[in-house]
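Colleague: I am new to this structure and would like a close look at its charged side chains. Please take me through where they sit and what surrounds them, going slowly over the terms.

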Amino acid sequence: MDIIIIGAGLAGPLLAQGLRRAGVGATVFERDRADQLSQGYRIHIAPEGELAMRDCLPPELHAEVLATSGLPGSGWRVLDPQLRTIQEHLVPQRADADGPGGRHLTVDRQTLRRILLTGLDVRYGAAFERFALLPDGRVRAEFAGGASAEGDLLVAADGTHSRIRAQLLPQARVIETGTWELYGKTMLTDEVRALLPAAALDGFCMVAGGDGRFMPLAAHRFRFGGDDYVMWVVGGPAARFPADVSTLDQHAMREAAAQFVTDWHPSLSAVVRLGEPGSVHFTTARTAQPLEHWTTVPVTLMGDAIHTMIPQGTSAAVALRDAGLLCRRLTEGAALLEAVRAYETEMLDYGFAEVARSLKSAG
Ligand SMILES: Cc1cc2nc3c(=O)[nH]c(=O)nc-3n(C[C@H](O)[C@H](O)[C@H](O)COP(=O)(O)OP(=O)(O)OC[C@H]3O[C@@H](n4cnc5c(N)ncnc54)[C@H](O)[C@@H]3O)c2cc1C
């Protein structure tokens, strides 16, 4: 069996790792060049994501994920704009972290991707454009510049703006929620540590304005290797941002982020202004609308390509869970389309339940 995977984000490489362990051929095609894989911010991986990595990765790579993850803090807190704690949720460290329930991890996304991509057959600079279902039941993927690849199954792991979803499921809708965000990171120097609220050094904290603005902040302190930093996001209603924010250069985006919270505690804009300009990016919060299961063909989808959700700290784990589940279904001996149908039925169920949950928790 030859599997073509589009997208070397999180779900794509994990599926390729699992298939490789099971002796199934898989090639990953990634639009970015190998030297462009910069997304170095901190993400939280919920337990089902850790479990999927435990299932799919060779033990030494899983061990490396754990070794390079962040030191856990004591919990998460909500602060007001003057940095007073208004809610505190302490999360005890579980003694059975290696047990069947999986564990919460915080990871540096760039470090995680480097580990997930270890040893894989990845074609970088390959921008997928369209697919064709072939008369013999196989599928051909076509790339910008005229290259193509044929396989038994094409897997979309190409994220929120998935071109595969657009072709396979033109009825699928991804809605803009009207929330915009700028995010970046600031290295944890002594100066920055002194500016940060203690809550940002000890877990995750969310500064919440009463006007729809919010600012998550969390230090990433590597257990091993790496330079510690604090990840920050400023977000809120689109109308509160400069209309042209998405077109600004990264220095100007960083300044727009600092201005966004300029009437809050001065430490917050100071931390932003000390941020690495190259780490600053703009994004919008989007959510996929639930859709009926379609007729299964040798093209399927995982992660943000099918169930984009607004950020609530779980979508990466759901994408990794998809990869683990699809790998299991493909390697347990069923006919290919039956395996894919079984995967899709289960994935649509828990994936869109999580989309609904993320919308509800964001209020
Ligand atoms: C600032 C920020 C913080 C976040 N924090 C968290 C968090 O704490 N916890 C959490 O659970 N989630 C978090 N998320 C969301 C999480 O990153 C995504 O849910 C997750 O990355 C989805 O993984 P994926 O593999 O489906 O897609 P992605 O990681 O988006 O990967 C898609 C890949 O496909 C490639 N691609 C796209 N189009 C093409 C094409 N045409 N041809 C070839 N390749 C293509 C892209 O270059 C990319 O490498 C965060 C997101 C952001 C932006």
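**Charged side chains and their surroundings**

Modeller: Aspartate 227 has a relative accessibility of 59%, and therefore counts as exposed, where exposed means over 50% relative accessible area, buried means under 20% and partly exposed lies in between, with a 1.4 Å probe and protein chains only. What you see is a predicted model, in which local features need pLDDT of at least 70 and side-chain atom pairs count only at pLDDT 80 or more, while totals for chains, interfaces and linings use all residues. Residues are numbered from 1 along each chain as its sequence is written, and side-chain values use heavy atoms, with hydrogens and water left out.

Aspartate 227 sits in the loop between β14 (214–220) and β15 (229–237); strands here are DSSP runs of E of at least two residues and helices are runs of H or I of at least four, numbered from the N terminus. Apart from neighbours within four places in sequence, aspartate 227 has contacts with Met187 and Phe222, a contact being heavy atoms within 4.5 Å. From alanine 362, aspartate 227 is separated by 135 residues in sequence and by 31 Å in space, C-alpha to C-alpha.

Arginine 165, in helix α5 (residues 163–168), is buried yet has no salt bridge, and the nearest side chain of opposite charge, aspartate 158, is 6.7 Å away. Lys and Arg count as positive and Asp and Glu as negative, whereas His and the chain ends are not counted; a salt bridge is a side-chain nitrogen of Lys or Arg within 4 Å of a carboxyl oxygen of Asp or Glu. Not counting residues up to four places away in sequence, arginine 165 touches a set of residues that includes Pro170, Val174, Leu301 and Asp304.

Side chains of opposite charge can pair when their charged atoms come close. By the rule used here, the count comes to 22 salt bridges. In one of them, aspartate 32 meets arginine 31, with the closest N and O atoms 3.9 Å apart; aspartate 32 is partly exposed because its relative accessibility is 22%, while arginine 31, at 61%, is exposed.

Arginine 328 and aspartate 55 also form a salt bridge through their side chains, at 3.7 Å from N to O. Arginine 328 belongs to helix α11 (residues 315–330) and aspartate 55 to helix α2 (residues 47–56), so this pair ties together parts that are 273 residues apart in sequence. Arginine 328 is itself partly exposed, because its relative accessible area is 38%.

Between arginine 77 and glutamate 88 there is another salt bridge, whose closest N and O atoms are 2.8 Å apart. That pair links distant parts of the chain, eleven residues apart, with arginine 77 in strand β4 (residues 75–79) and glutamate 88 in strand β5 (residues 85–90). Arginine 77 is buried, since its relative accessible area is 8%, whereas glutamate 88, at 48% relative accessibility, counts as partly exposed.
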